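The sequence and structure are shown first.

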Amino acid sequence: MYSRYYCVGSLCSLHLKNHRLQDECSMITKMFTVGTLFTNCYVVGCTETKEALIIDPGFETDLEAETVLKEIDQRKLQVRQIINTHGHHDHTAGNGIMKTLTGAPILIHEYDAPMLTDSTKNLSVLFGLRTASLPPANRMLHDGDVVQVGDIALRVLHTPGHSRGGISLLGAEAVFTGDTLFAGSIGRTDLPGSSYEEIMLSLKKLATLPDHMRVYPGHGPTSTIREEKRQNPFLQNFSTSPDTF
Ligand SMILES: [Zn+2]
Ligand SMILES: [Zn+2]
């Protein structure tokens, strides 16, 4: 068991990527790609107050958690919240270690909160991943809630379809879309709690955001709303006219 764990850890260290995205006015955003499903974990920090939040710590190894914490320490950030865009294991597996190391509460939409403590509902059983139970949510999120960290405010958009309690987090210049919207694609809708009809309504909602807004998805490269309306086949019904590009 130990050797398998070590082996998985070594593998993960090879693809643990650390991308510097941008420092937009008072917001620091850093993306780390973690776990066997290459999940994007984001650290969002306020340059003024040095407060920060972590989105989707899907760590499968302690090394991944340590790498992210090292970055947080180097920037002298204080983690105030841990937010899950939804309850699947690849986005929540590191909740426990991050909560232990930072003392920060865990926030998730109320519909996905039960997934944290149920290894069948969070798909860790289905994908054969580590099934250690995760701590329960400390705060349930709802559509329209605002999560504040220092000078940064992220508004909760309920974007179900990939899971019942999927959310996107809307900042001034960027939106974190979890597994609802990817660059050129969308999240799976064949899983328990998924709905193609619902994800299409969620995508319609996201398509109303300003074109220049950056998209930080749960997997894969970053994008913009403009680019997704232009080339994502699932957003073609919501495209603006070509002469706006
Ligand atoms: Zn997912
Ligand atoms: Zn995912």
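Strands (E, at least two residues) are DSSP runs numbered from the N terminus, and two strands pair if DSSP finds at least two bridges between them. The model is predicted, so that local features need pLDDT of at least 70 and side-chain atom pairs count only at pLDDT 80 or more, while totals for chains, interfaces and linings use all residues. Residues are numbered from 1 along each chain as its sequence is written.

β3 and β4 form a hairpin with 4 residues between them, and K50 in this turn has a positive phi of about 70°. β2 and β3 likewise form a hairpin with 4 residues between them; here G35 in the turn has a positive phi of about 80°. V43 is the bridge partner of K30 and also of I54 in β4.

| Strand pair | Sense | Bridges |
|---|---|---|
| β2 (27-34) and β3 | antiparallel | 8 |
| β3 and β4 (51-55) | antiparallel | 4 |
| β8 and β9 (152-158) | antiparallel | 4 |

In β3 (residues 39-46), 8 of 8 residues are buried, that is, 20 or more other C-beta atoms, placed from the backbone, lie within 10 Å of their own. One face carries T39, C41, V43 and G45, the other N40, Y42, V44 and C46.

Beyond four places in sequence, I54 touches C41, V43, V79, I82 and M98, contact meaning C-beta atoms, placed from the backbone, within 7 Å.

Elsewhere, 6 strands form an open sheet of mixed pairing in the order β8-β9-β10-β11-β14-β15. Its edge strands, β8 (146-149) and β15 (223-224), each pair on one side only. V149 has I152 in β9 as its bridge partner.

Key
Chains lettered and ligands numbered in written order. Contact = placed C-beta atoms within 7 Å. Buried ≥ 20, exposed ≤ 12 C-beta atoms within 10 Å, placed from the backbone.
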